[in-house]
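Reader: I have a structure to go through and would like to ask about it piece by piece. Could you keep the answers plain?

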Amino acid sequence: MDFGMPFLIETGSPEECILLCKRLGFQFIEWNMNFPQCQPENLQPDMLNEIRQRDNIYYTLHLEENINFSDFNKRVRRAYLETALLSIELAKEIKAPVINIHLAKGIFITLPDGKRYLFEEYGELYRENMLYFRNECERAIGDSGIKIAVENTDGFLPYEQRIIEELLESPCFGLTLDIGHSHAVKDKDIPFYEKNIHRLIHMHAHDAAGTKCHLAFGDGEIDLPKRLHMAKKAGARVVLETKTVKALEKTRGYIEENFRDL
């Protein structure tokens with residue numbers, strides 16, 4: 001199983017992140033494109049490819065979390081799609097096998113009987129926009145083997161599960177399981193992942209206590225052996241998604257002590 005690390009705010013630059021990755025002995029880095037340092041125009045493909053070939057470190061991408069591929073404003077939606085297509089080109093250039101994405105729940109209206117999500121209310125338009133996104137990504141990916149992995153956040157709503165099932169009809173799409181996010185919503189998405197275990201290609205792993213996520217391994221209450229062996233069974237790579245260097249170091253030691261079989 002391959003273990004990787006995220007870009008951390010403490011590392012400051014891609015070069016510092018690479019040095020930390022080498023020191024801790026991880027196989028890959030996930031460039032988080034919420035950061036200015038990880039925008040396509042700021043990453044240096046020549047340098048990254050040299051590192052990949054020399055040190056056997058590879059990369060995955062995490063698209064900005066506020067991207068909304070079904071925004072009802074067609075100009076905004078087009079900008080988000082162009083961002084995804086540009087990221088696919090970057091992934092091709094640096095041989096990144098996975099692009100991780102969040103699904104936007106969109107706007108909801110609070111009525112006396114509860115929340116009404118506009119993407120559910122206008123379901124056919126939502127579906128049309130999301131399938132256009134799927135088809136454009138499929139065209140851009142071609143035969144490169146890149147996969148776009150959909151990550152859980154605060155529990156998939158029924159209309160999200162339906163559209164994910166349609167995204168998964170394309171071989172260019174897969175699933176990311178974030179085990180901390182899952183724990184925070186009492187693992188409500190796990191049956192969906194178990195149903196689609198053959199499409200689980202990526203995992204964000206960190207410990208959690210209640211709704212407090214991104215803890216070092218051993219600092220929370222997640223059944224870590226169960227989740228990591230789920231990743232192993234599916235053949236998924238694992239990003240150790242802590243938010244500090246200290247927590248990442250502690251997690252690395254915990255794996256060395258408790259999961260040598262992985």
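Reader: Is isoleucine 255 buried or exposed?

Author: Isoleucine 255 is buried, because its relative accessibility is 7%. Buried means under 20% relative accessible area, exposed over 50%, and partly exposed in between, with a 1.4 Å probe and protein chains only. Before going on: this is a predicted model, where local features need pLDDT of at least 70, side-chain atom pairs count only at pLDDT 80 or more, and totals for chains, interfaces and linings use all residues. Residues are numbered from 1 along each chain as its sequence is written, and side-chain values use heavy atoms, with hydrogens and water left out.

Reader: Which helix is isoleucine 255 in, and what does isoleucine 255 touch?

Author: Isoleucine 255 belongs to helix α10. Helices are DSSP runs (H or I, at least four residues), as strands are (E, at least two), numbered from the N terminus. Setting aside residues up to four places away in sequence, isoleucine 255 touches Phe3, Phe217, Leu240 and Arg260. Contact here means heavy atoms within 4.5 Å.

Reader: How far apart are isoleucine 255 and leucine 224 in space?

Author: They are 9.9 Å apart, C-alpha to C-alpha, and 31 residues apart in sequence.

Reader: Staying with α10, how do the axes of α1 and α10 cross?

Author: The axes of α1 (residues 14-24) and α10 (residues 245-258) come within 11 Å and cross at roughly 20 degrees. Therefore α1 is roughly parallel to α10. Angles under 35 degrees count as roughly parallel, over 145 as roughly antiparallel, 65 to 115 as roughly perpendicular and the rest as oblique. The axes are lines fitted to C-alpha atoms, for helices over the stretch in contact, and angles run from 0 to 180 degrees between N-to-C directions.

Reader: Which residues of α1 and α10 meet?

Author: From α1, Leu20, Arg23 and Leu24 meet Val245, Leu248, Glu249 and Arg252 of α10. By class, that contact has four nonpolar, no polar and three charged residues. Ala, Val, Leu, Ile, Met, Phe, Trp, Tyr, Cys and Pro count as nonpolar, Asp, Glu, Lys and Arg as charged, and the others, Gly among them, as polar.

Reader: And how do the axes of α1 and α2 cross?

Author: Helix α2 covers residues 45-55, and its axis comes within 12 Å of that of α1, crossing at roughly 10 degrees. So α1 and α2 are roughly parallel to each other. Pro14, Glu15, Ile18 and Lys22 of α1 make the contact with Met47, Leu48, Ile51, Arg54 and Asp55 of α2. That contact has five nonpolar, no polar and four charged residues.

Reader: New topic. How many disulfides are there?

Author: The count is zero, where a disulfide is a pair of cysteine sulfur atoms within 2.5 Å. For cysteine 17, the nearest cysteine sulfur is that of cysteine 21, 6.8 Å away.

Reader: Where is arginine 134, and is arginine 134 buried or exposed?

Author: Arginine 134 is in helix α5, residues 123-141. Arginine 134 is buried, with a relative accessible area of 13%. Leaving out neighbours within four places in sequence, its contacts are Glu166, Leu167, Glu169, Ser170 and Phe173.

Reader: Last one: what is histidine 181 in contact with?

Author: With neighbours within four places in sequence left aside, histidine 181 is in contact with Glu151, Asn152, Thr153, His206, Cys213 and His214. Histidine 181 lies in helix α7, residues 179-184, and counts as buried at 15% relative accessibility.
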